[in-house]
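Subject: Structure handover

Hello,

Here is the structure I said I would pass on. Please open it beside this message and follow along; my notes come after it.

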Amino acid sequence: MNRIVIVGASLAGLRAAEALRDEGFAGELTVIGDEPHAPYDRPPLSKAVLSGWLSTDHVTLPRLRDVDATWLLGVAATGLDLRERQVRLADGRRVAFDGLVIATGTRARPWPVPAEAALRGVHVLRGRDDADRLRADLAAGPERVLVIGGGFTGSEVAGGCRELGLDVTLTHRGAAPMSSALGGTVARFAADVQRKAGVDLRLGTTVSKLDGTGRLHRAWLSDGTAVDADVAVIALGAVSNVEWLAGSGLMADARGAVCDTTCRALTADGSVADGVFIAGDVARWPHPLYPGDLVRLDHWGNAVSQAKTAAHNLVHGGHRRHDELPAFWSNQFGVNLKSVGLPTYGDEVMITQGSLSDTKFVAVYGRDGRTVAAVAVNAPRQLDGYAELITAGTPFPPSINAPDGPAYQSIVDAEFPQPLVAAVR
Amino acid sequence: MTTTETLTADELFSRTLRLDSRSNPYPLYERMLELPPTRMSDGTWLISRHEDIKRLLHDPRISANRLDPDAPDPGEAKAPASFLVQDAPSHDRLRRLVMDQFVPRVIGMRDHLDDLVGSLLDAHVNDGPGQLDVVNDLAYPLPVTVICELLGVPQEDEPIFGEFARKLTRGLDPVEEPDEAEIRELTQVRNALIDYLNGLIEEKTRTPGDDLLSAFMPTDPDVDRLGPLDLRATLALLLIAGHETTVNLIANGLLTLLRNPDALARLRNEPALATTLVEEVLRYDPPVQMTARSTTADIEIGGVLVPAGSALRVMLAAGNRDADVFADADRFVPDRPNNAHLGFGGGVHYCVGAMLARAEAQIALTALARRLDNPRLVADPPPYRDNAVLRGPEHLLVSFDRLHK
């Protein structure tokens, strides 16, 4: 193995490059990224950057070691030829490889009507440049910000806007913000938090039309009402960057690119593509703890650990499984939220500590009599204990009997909009 | 003790408490690490391994209630327990109220700590050979001055509660056969401390200052505050912690450096080493050797089922020497990477004063390394205090060729 190419120069790509060297790969290493920027950290973009605490000059990811790689930045990969073992670039170049790591991630799902999306003041938020543009619009002091979609990104943006003292309307199709990731039962706390913080929260509501001449000035909602706003943030989730894999023979669609538990890419017929590995947000794979559906995670920690596993197996022809327990966090409205396991996999939920009304609780999710996830709101310090319960396959409901637990155990429907959504966040 | 001797968990634990083990309990801890969680004859469980300790400090099925039969009956005593031994939600609320006031005051304190350390050492500046008792001359007065300043306790009262702290700390040690007279004395000391604190609180209520104690009693009636009993318990906790923990961190740290001259020389030449070096002291010879917890549900720890309602003896200092986690666990490595020591505990009860203790120890040890020429231990081991839980030298006599300005 003389030449390894990594496509994707964000968190997973950078950590894969470092891990390849850590694992002893001494050959030629090339990292390809469509953005002109050196690898940077995305979580601050929807938090500290929006509120002005941090400029995007300060989000560059720290390098854990020297990787001695050729960086092809600002040029997208547009095709993959597995027979010739070459990556095609937008500028016509071809880069040959013996080993390949696919880490192209996802992008923000765009507003479906291009003319409306082109209005000034209409934003998505995924990259540094998006964050700079949105920050500039927010700093100019708009009359009202409309956030379309109340998932994690939308909720964090709404929180950042309130921190800046801006009027915010947030529309969300579900019964509560983040309901598709946490289930309606648990997510209910977030509706209270957001309303208390002054967000004009429109639940069960979507946006039908963005209106304006040159600049956005009004949005029409599905309930027939209108909201006057000069800035809108489209936060409708993510789509996978897999277009460049079309025709390559790999198993990939808008939901992601499929690999096995050891991060090996699979071809459309389900066989392993030799020397091709997948890591990070773009990967879909069968997680041993969550059988029955492929899992895709937009999690910071997953990008790091999957990149390491892929690098290890690529260098050593190893069979290390990527079976780390999923985990993510979010900060919004002064609330710290942490999750371990896969809440979306569960169908029942039980509060084991604290209470929703105090905005301080731990909720445990179960399915088929097994504990599958735990979400802690303003209660992060015992989550490791829950992680162990989940990894050990503890029966649901688990016996916790915590000092701040409820007087009576109450197991209720988790209220996920559709059961078994494999992709969370 | 010979290496072939087989000791039960009971024997190991009670030997740890004995005064003749004080100067070096680590061979006992090493034996403990060979044992899985083990139930001792008094019904408590001995937990020593790093993985088991770390896990249970973060487990929701664990309570900070010690289930200690010797603890004063809260119905009789005039003081409730501090948040050290309380659980959520009351623990969380009290801890937050304290942290909200404590942390901002500690941030930005380094220059002041530098000055304090400087003037404590200046008193002993000597161009020729001399001697220092690092405990009495620096390790004790530094944290005591700081906690008194923070809380707004008059310096001249320091000897009064220094005495309280010393006596009450001894009461923290697990005892096999509680002595009636000792218990009576402890109760008296406790009540005297309560009377003293009541006076202090009254004083601060009349004439509030710019201190922590006054901040704990906000004048705005709508602001969440510590109730009178919790306020007193918290004050006592902060005062005792301020008197009886950091002193050992500094003294244990210097003792370790004098036994590891290479590390001392490195610190003298690269003061930036102080950060990781202090973490290593917290691992290698921690000021708090053990703590206690209890289980709220049946829980598997290290492959052993520990039933609900069990009291746990958590051997932090043993876990810190666990070879499964720390390479060369018995060696002092001043720049040890990824030092996941248990010196400050962990989980919801992680040491409130960690930031302050770190800063004090970093500054004190760096100053000693820089200013002392050819420091030597007068006695090795030095005399130790009785306490097994908050363990450290009673005195640490150091002779030197010169103490620089």
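At what angle do the axes of helix 12 (residues 246-259) of chain B and helix 14 (residues 274-284) of chain B cross? They cross at roughly 100° and come within 10 Å. Axes here are lines fitted to C-alpha atoms, for helices over the stretch in contact, and angles run from 0 to 180 degrees between N-to-C directions.

Before the rest, some conventions. This is a predicted model, in which local features need pLDDT of at least 70 and side-chain atom pairs count only at pLDDT 80 or more, while totals for chains, interfaces and linings use all residues. Residues are numbered from 1 along each chain as its sequence is written, and chains are lettered from A and ligands numbered from 1 in the order in which they are written. Helices (H or I, at least four residues) and strands (E, at least two) are DSSP runs, numbered from the N terminus.

Helix pairs in chain B

On the helix 12 side of chain B, Leu249(B), Asn252(B), Gly253(B) and Thr256(B) meet Val278(B), Val281(B), Leu282(B) and Tyr284(B) in helix 14 of chain B. Two residues are in contact if their C-beta atoms, placed from the backbone, lie within 7 Å. Sorted by class, this contact of helix 12 with helix 14 of chain B has five nonpolar, three polar and no charged residues. Ala, Val, Leu, Ile, Met, Phe, Trp, Tyr, Cys and Pro count as nonpolar, Asp, Glu, Lys and Arg as charged, and the others, Gly among them, as polar.

Seven nonpolar, one polar and four charged residues make up the contact of helix 5 with helix 16 of chain B.

Leu116(B), Val117(B) and Leu120(B) of helix 5 of chain B touch Pro141(B), Leu142(B) and Thr145(B) of helix 7 of chain B. That contact of helix 5 with helix 7 of chain B divides into five nonpolar, one polar and no charged residues.

Sheets

Two strands pair if DSSP finds at least two bridges between them. In chain A, five strands form an open sheet in the order 9-16-10-11-12, with parallel pairing. Strand 9 (122-124) and strand 12 (200-203) of chain A are at its edges, each with a single partner strand, so one side of each has no neighbour in the sheet. From one strand to the next the twist averages 20°. Four bridges join strand 10 (residues 145-148) of chain A to strand 16 (residues 231-234) of chain A, and Ile148(A) stands opposite Ile234(A).

Chain B has an open sheet of three strands in the order 4-11-10, paired antiparallel. Strand 10 of chain B pairs with strand 11 (residues 397-400) of chain B over two bridges, and Arg376(B) is opposite Ser399(B).

Peptide bonds and backbone

One joins Ala88(B) and Pro89(B), with omega about 5°. The other runs from Asp380(B) to Pro381(B), with omega near 0°, and Pro381(B) is in the loop between strand 10 and strand 11 of chain B. In chain A, Arg85(A) has a positive phi of about 55° although it is not a glycine.

Regards
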